[in-house]
Amino acid sequence: MSTDNSIPSPDAAPASPPPEPPEPPVAAAQRVGSWRFVAIVMVIALLALAGWQWLETRRQLYEMRDAMRGEVTSRLAEVDAASKEERGARQQLQEQIESLQAKLGAAESRLAEMENQGAALRGMYEDLTRGREESILLEVEQALTLAGQQLQLAGNVAAATLALQTADARLAHLDKPRYLPLRNALAKDLGRLKALPQVDVAGISLRLEDIIGRVDKLPLRALDRPAADAKPAADAEANVAWWRLAMADAWRQVRGLIRIQRFDREEPPLLAPEQSFFLRENLKLRLLNARLALLARDHDTYRGELNVAQDWLQRYFAADDAVVKSAGEALRQLLAAAPGGNLPGLDASLAALAKLRGGKDGR
């Protein structure tokens, strides 16, 4: 050791005590040996403690390893079981998905088939509807043609009205807006026909036929003379003397030769017997012409023939006879009930039908 020869400062601490005198060598060797033994024991103890701790740590590590291995094994088993369940569920789900896909494919094919069938049915329905509408339009056209024929040829207003009502009823079954103009035209034509006065053509024809049948029984004015006394009945003649019968017969013959007639009035035309036959036949022809003109709707000819027949009846036949009076009154009634004017046409309905048919053909 080096010796410090510096002088201490007055402020420095007091000096350490002087060292003790050295021990003897034997004692120092013993002390060193004891310290070595203690150190060796301590090292051995420390080694033993370290070995024990290592063994304990190793044991704990093994235990931990075994525990972890068991836990890992259980976890792996659980995971395996879960994976198996998941695989089963996945497989079941896959099977369900495949089943659903198969059902969906079958449903799609069925749906496609139903759509095809629906399209076919719609086509058939459209064809049927077009055919039904076309048939109804044909029926309406036939009804209008029949109504026009009844009006133009026969003058039968009732039959024409019925035909138009039938056509309107057929159009009502369609119930579509595009047929409204045709129905409006039909309604207007029906209104015009219903506003016409009702003429009983059949009744007038029958009355004319009855008058024609009575023409042969009408007495003429040129042969208007006192009626001859009726001959007595056969049983009365049996109770009368023959000379009385002879005188009565002679008196009848004489009275037939004498005729008392007034000349202060218009003289009836004198007609020969053959002329009276032609007069009656011509009167019948006049009445027949009036009847044919009525059926042909020739109203002017009908009135003209009835006027001529009425004039002949007043001019050539006995006015005071009951049969003649009845015939004249019947002719006056027929003239009063004579139809007048022209019947309306169906131009509006026909034009609306032609426009509708033209529009359908254009589509």
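Okay, let's start with Arg-357: in this predicted model its relative accessibility comes out at 19%, so it counts as buried, the cut-off being under 20%. Arg-357 sits in helix 10, which runs over residues 347-362. And what does Arg-357 touch, once we leave aside neighbours within four places in sequence? Glu-134, Leu-137, Leu-138 and Glu-141. Take Leu-138 from that list: Arg-357 and Leu-138 are 219 residues apart along the chain, and yet their C-alpha atoms are separated by 9.8 Å.

The largest nonpolar core has 25 residues. Leu-287, Tyr-302, Leu-306 and Phe-317 make the most contacts inside it. As for who contributes, helix 4 (201-214), helix 7 (273-295), helix 8 (299-316) and helix 9 (322-336) each give two or more residues to this core. If you click on Leu-287 and skip neighbours within four places in sequence, you'll find it in contact with Leu-208, Ile-211, Ile-212, Val-215, Leu-306, Ala-309 and Leu-331. There's also a second, separate core, with 24 residues, including Ala-147, Leu-151, Ala-160 and Leu-186.

Leu-186 takes us to helix 3, where it is one of the buried residues, along with Leu-182, Ala-185, Asp-189, Leu-190 and Leu-193. Look down the axis of helix 3 and those buried residues fall within an arc of 140°, so they line one face of the helix. Turned away from that buried side, helix 3 carries exposed Pro-181, Lys-188 and Lys-194. Helix 3 itself covers residues 180-194, 15 residues in total, and spans 21 Å from first C-alpha to last, close to the 21 Å expected at 1.5 Å a residue.

Notes. Residues are numbered from 1 along each chain as its sequence is written. This is a predicted model: local features need pLDDT of at least 70, side-chain atom pairs count only at pLDDT 80 or more; totals for chains, interfaces and linings use all residues. Side-chain values use heavy atoms; hydrogens and water are left out. A nonpolar core is a set of buried Ala, Val, Leu, Ile, Met, Phe, Trp, Tyr and Cys residues joined through side-chain atoms within 4.5 Å. Buried means under 20% relative accessible area, exposed over 50%, partly exposed in between (1.4 Å probe, protein chains only). Helices (H or I, at least four residues) and strands (E, at least two) are DSSP runs, numbered from the N terminus. Contact means heavy atoms within 4.5 Å. The expected span of a helix is 1.5 Å times one less than its number of residues. The arc is that of the directions from the helix axis to the C-beta atoms.
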